[in-house]
Amino acid sequence: GINAEYGDFWKQNMIYISEDEVKTLLDLDELILKMEAAMLAFSSQTIHQPVRTVLPINPDNGFFFLMPAVASGSTVGVKLLTWFPNNEEKFQKPAIHAIINLFHPQHGAPLCSMAGEYITGIRTAAVSAVSTKYLSREDSSVSVSYTHLRAHETVLDLVC
């Protein structure tokens, strides 16, 4: 049962997926289909995703974002993200840092933690691709350039 399964499972088996591993594991075509399904699930209210919480961080004019979601008892996750727009100029560091954590839907034990910068960009690109698919006219052409993440062009090229 759940109690026997729980034990120290998360302490012994929780995995971490690095940014490089994420890049090799994500298939862009599949991601677009998954984002399309997720958008439909959100619209039909089988995914509960409250509006993100944003906390200002001073004195460096940064922000901390908390973005939880639960999908029909099958997935429990949260993305934690910081955005410090002056990082590149001041520290030669990226402006965005993110981590995504997944939890067991029955007993809440942590299952996975993964680097979230690439996922954040590519997910945004995939959602943009789905939106473009449904909202653009059939006779239109789309030219998009997102300087903050080159991934947008790659994903949009798959559907345009």
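This is a predicted model: local features need pLDDT of at least 70, side-chain atom pairs count only at pLDDT 80 or more; totals for chains, interfaces and linings use all residues.

Me: Start with the overall layout, then. How many helices and strands are there in the protein chain?

Reply: Reading from the N terminus, the elements go α-α-β-α-α-β-β-β-β-α-β-β-α-α. Counting up that protein chain gives 7 helices and 7 strands.

Me: What share of the 160 residues in the protein chain is buried?

Reply: For the surface side of things, the protein chain has about 10700 Å² of accessible area, with 56% of it on carbon and sulfur atoms. As for contacts with a separation of 6 or more, 47% are between residues 24 or more positions apart. The buried share of the 160 residues is 29%.

Me: On to the sheet pairings. Over how many bridges do β4 and β5 pair?

Reply: Strand β4 covers residues 62-71, and it also pairs with β3 (residues 53-57), antiparallel, through 5 bridges. With β2 (residues 47-48), β4 is again antiparallel, this time over 2 bridges. Its pairing with β5 (residues 75-83) is antiparallel as well, and the bridge count there is 9.

Me: Which residue of β5 is the bridge partner of F64?

Reply: F64 sits in β4, where it is the bridge partner of L55. Over in β5, the bridge partner of F64 is T82.

Me: And which residue of β4 stands opposite I47?

Reply: I47 belongs to the pairing of β2 with β4, which runs antiparallel. The residue of β4 standing opposite I47 is A71.

Me: What about the turns? Which residue takes a positive phi in the hairpin of β4 and β5?

Reply: The hairpin of β3 and β4 has 4 residues between its strands, and there N61 has a positive phi near 55°. In the hairpin of β4 and β5, with 3 residues between the strands, the phi is positive near 40°. That residue is S72.

Me: How many aromatic pairs does a search of the whole structure find, and which residues form one?

Reply: The search of the whole structure turns up 1 aromatic pair.

Me: Why does F63 count as partly exposed?

Reply: The cut-offs put anything from 20% to 50% in the middle class. W83 falls there too, at 33% relative accessibility. F63 gets the label because its relative accessibility is 28%.

Me: Let's look at α4. Which of its residues are buried?

Reply: Helix α4 has 16 residues and spans 22 Å from first C-alpha to last, close to the 22 Å expected at 1.5 Å a residue. At the start of α4, a side-chain oxygen of D27 comes within 3.4 Å of the backbone nitrogen of D29. The buried residues of α4 are L28, L31, I32, M35, E36 and A41.

Me: Is Q45 buried or exposed?

Reply: Q45 lies in the loop between α4 and β2. Its phi is positive, about 65°, though it isn't a glycine; most residues other than glycine have a negative phi. With a relative accessible area of 69%, Q45 is exposed.

Me: Then where is Q92 found?

Reply: Q92 has a positive phi of about 55° and isn't a glycine. It counts as exposed because its relative accessible area is 63%. Q92 is found in the loop between α5 (87-91) and β6 (96-103).

Me: With which residue does the side chain of T120 make a polar contact?

Reply: T120 is in helix α6 (residues 117-135), and at 13% relative accessibility T120 is buried. Beyond its neighbours within four places in sequence, T120 touches K79, L81 and A98. The side-chain polar contact, at 3.1 Å, is with the side chain of K79.

Me: Last one: how far apart in space are K23 and I119, C-alpha to C-alpha?

Reply: K23 is in helix α3 (residues 19-25) and is partly exposed, with a relative accessible area of 43%. K23 and I119 are 96 residues apart in sequence. In space, C-alpha to C-alpha, they are separated by 8.2 Å.

Methods: Residues are numbered from 1 along each chain as its sequence is written. Side-chain values use heavy atoms; hydrogens and water are left out. Two strands pair if DSSP finds at least two bridges between them. Rings of Phe, Tyr and Trp (its six-membered ring) pair if their centres lie within 6.5 Å; planes under 30 degrees apart count as stacked, over 60 as edge-to-face and the rest as tilted. Buried means under 20% relative accessible area, exposed over 50%, partly exposed in between (1.4 Å probe, protein chains only). A polar contact is a pair of N or O atoms within 3.5 Å; within protein, one must be able to donate a hydrogen and the other to accept it, and residues adjacent in sequence count only if both atoms are side-chain atoms. Contact means heavy atoms within 4.5 Å. The expected span of a helix is 1.5 Å times one less than its number of residues. Accessible areas come from the Shrake-Rupley method with a 1.4 Å probe; for residues, only the protein chains shown count as cover.
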